[in-house]
Amino acid sequence: MTLTVSAIRADVTELLHLLPDEVRDSDDLFEAGLDSIRLLTLLERWRDAGAEVGFVDLAARPTLSDWIELLAPVTDLPGTPPLTNAA
């Protein structure tokens, strides 16, 4: 499995029970309802796809834009900037 920006967004919003366009790249995902158990679920899924990122790395920077940056080495479009949502 190759990660994409849209796949990362879909994974996160699925666990938050939100639509992909309901979360902005700059939103704090813990404030949006993410908890440590859900973060571990995402981490396991992304490690299975080849990500070499740790729990602490993701927890310290809990936004989609930061996670896309951290996961960029395993996405199908390295260096692809995050999708920008209107405020």
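Predicted model: local features only at pLDDT ≥ 70, side-chain atom pairs only at ≥ 80, totals over all residues.
Figure 1. Turning from the surface to the interior, one finds that the chain has 87 residues, of which 38% are buried.

Figure 2. Among the contacts in the chain with a separation of 6 or more, 59% are accounted for by residues 24 or more positions apart.

**Figure 3. The crossing of helix α1 and helix α2.** Helix α1 covers residues 5-16 and helix α2 covers residues 36-48, and their axes come within 10 Å of each other and cross at roughly 150°. Because angles over 145 degrees count as roughly antiparallel, α1 and α2 are therefore roughly antiparallel to each other. The crossing of these two helices, α1 and α2, is right-handed.

**Figure 4. The residues that make the contact between α1 and α2.** On the side of α1, the contact is made by Ile8, Asp11, Val12, Glu14 and Leu15, while on the side of α2 it is made by Arg38, Thr41, Leu42, Arg45 and Trp46. Sorted by class, the residues in the contact of α1 with α2 comprise five that are nonpolar, one that is polar and four that are charged.

Definitions and conventions. Residues numbered from 1 in each chain as written. Heavy atoms only, no water. Buried < 20%, exposed > 50% of the residue type's maximum accessible area, 1.4 Å probe, protein only. Contact = heavy atoms within 4.5 Å. Axes fitted to C-alpha atoms, helices over the stretch in contact; angles between N-to-C directions. Helix = DSSP H or I, 4+ residues; strand = E, 2+ residues; numbered from the N terminus. Parallel < 35°, antiparallel > 145°, perpendicular 65-115°, else oblique. Left-handed = near helix turned anticlockwise from the far one by under 90°. Nonpolar A, V, L, I, M, F, W, Y, C, P; charged D, E, K, R; others polar.
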